[in-house]
Amino acid sequence: MPPGEDLLRQLPEEVVPIGDLLPSFSPRERHEDPAHVRRLAETGGGAEPLLVHRPTMRVIDGMHRLRAATMCGWSHIAVRFFDGSEADAFVLAVQLNVRHGLPLTLEERRAAARRIIASHPDWSDRAIAERVGLSSKTVGKVRREAGASCLATRLGRDGRLRPASSVEGRRSAAVLLAGDSQISLRELSRKTGLSVGTVRDVRDRLDRGQDPVPDRLRGQYRRPSADGAAPGKGATSGKGAASGKEVAKAMSETLSLVRKLTRDPSLRATESGRTLLRMLLAAEAVTLRWEHISEAVPAHSVPLVRSVLLKFCDDWKRLADRVPQHIS
């Protein structure tokens with residue numbers, strides 16, 4: 001991740017020939033504004049050193065100052081060198097242009113977001129939004145429009161990796177809370193990869209008897225088709241489509257029952273009850289990933305995997321048989 005502005009200002013200044021410098025990594029459609037160049041030339045060309053990408057000698061920030069210095073007849077100019085990648089150099093060019101100097105247009109900022117999404121697909125929407133001067137929702141929309149691949153994790157503004165979707169992390173947090181209601185938020189955050197604010201929300205939602213995953217996030221998971229294949233790989237019409245709807249309906253009903261049980265204080269009060277809740281919540285989290293899990297099974301392991309899964313079905317059936325059907 002590129003350094004912050006405070007660290008950039010601490011880089012040593014050097015004086016280089018103006019002729020050694022190349023055009024900038026500018027995010028602008030129109031690279032320089034002649035009127036702004038003239039204003040800078042009239043005031044002495046600007047005192048702040050340019051920021052230059054050392055490997056390419058391209059200007060990262062300060063093209064207007066460079067043009068003004070040339071207009072003033074200077075042969076050398078003060079610079080600070082950045083030694084990172086070209087992709088990070090572009091991020092710096094956007095970030096510095098957004099925060100000072102001539103403002104970027106909305107389309108220039110959107111174009112910059114598209115380029116950064118392509119070069120840094122692991123960055124979160126918030127991290128990119130902070131650098132291009134857009135809202136995180138707008139960056140998310142740009143990401144979807146660009147058809148960018150969905151990674152399992154994203155790098156946040158604080159430099160920490162977190163799940164791209166918090167759904168699975170929220171389910172994991174709910175499982176951990178069911179097992180230990182006294183676990184600290186920081187420990188939950190560390191174990192699930194979620195922010196402290198998100199795990200606090202999970203805890204509060206469970207305390208209110210709500211699902212740990214808000215309605216707005218549940219659509220991030222696709223339901224499997226009737227035969228467990230991904231959409232487009234199995235039956236998508238006729239009887240197969242009807243069966244797929246039945247599977248989704250049955251799955252939804254089961255998940256609703258699990259959430260109802262998590263609100264039962266008598267289950268949460270005993271170790272055996274908490275163990276049962278952990279098992280059910282873990283099974284729920286896995287159920288939401290059936291499609292991706294089934295696709296990941298290599299062909300040579302299919303017989304063994306199916307055998308183990310069917311064995312687990314028998315085990316769950318035996319557990320269900322041990323639960324009294326009538327309590328006097």
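A salt bridge is taken here as a side-chain nitrogen of Lys or Arg within 4 Å of a carboxyl oxygen of Asp or Glu. The structure is a predicted model, in which local features need pLDDT of at least 70 and side-chain atom pairs count only at pLDDT 80 or more, while totals for chains, interfaces and linings use all residues. Residues are numbered from 1 along each chain as its sequence is written, and side-chain values use heavy atoms, with hydrogens and water left out.

**Exercise 1. State how many salt bridges the structure holds, and describe the pairs Asp61–Arg65, Arg114–Glu107 and Arg203–Asp204.**

Solution. Side chains of opposite charge can pair when their charged atoms come close. The structure holds 15 salt bridges.
- Asp61 pairs with Arg65, the closest N and O atoms being 3.0 Å apart, and both residues are buried (buried means under 20% relative accessible area, exposed over 50%, and partly exposed in between, with a 1.4 Å probe and protein chains only).
- Arg114 pairs with Glu107, where the closest N and O atoms are 2.9 Å apart; Arg114 is partly exposed because its relative accessibility is 34%, and Glu107 is likewise partly exposed because its relative accessible area is 37%.
- Arg203 pairs with Asp204, where the closest N and O atoms are 3.6 Å apart; Arg203 counts as partly exposed because its relative accessibility is 31%, and Asp204 is partly exposed with a relative accessible area of 27%.
- Salt bridges that share partners join Glu13, Glu48 and Arg80 into one network.

**Exercise 2. Locate the largest cavity and work out what lines the cavity.**

Solution. Rolling a probe the size of a water molecule over the atoms shows where empty space is left. On a 1 Å grid over the protein atoms alone, a cavity is a set of points where a 1.4 Å probe fits but cannot get out, and lining residues have an atom within 4 Å of a point; grid points are joined across faces, edges and corners, and a volume is the space filled by probe spheres set on the points.
- A search of the whole structure finds one cavity of 30 Å³ or more, and the largest cavity has a volume of about 60 Å³.
- The lining consists of Ala174, Leu177, Ala178, Leu206, Thr262, Arg268, Leu277 and Leu281.
- Two or more lining residues come from each of α8 (167-179) and α14 (271-287) (helices are DSSP runs of H or I with at least four residues, strands are runs of E with at least two, and both are numbered from the N terminus).
- Helix α8 supplies the largest share of the lining, three residues.

Definitions and conventions
1 Å grid on protein atoms, 1.4 Å probe; cavity = no way out; pocket = protein on both sides within 12 Å on 5 of 7 lines; lining within 4 Å.
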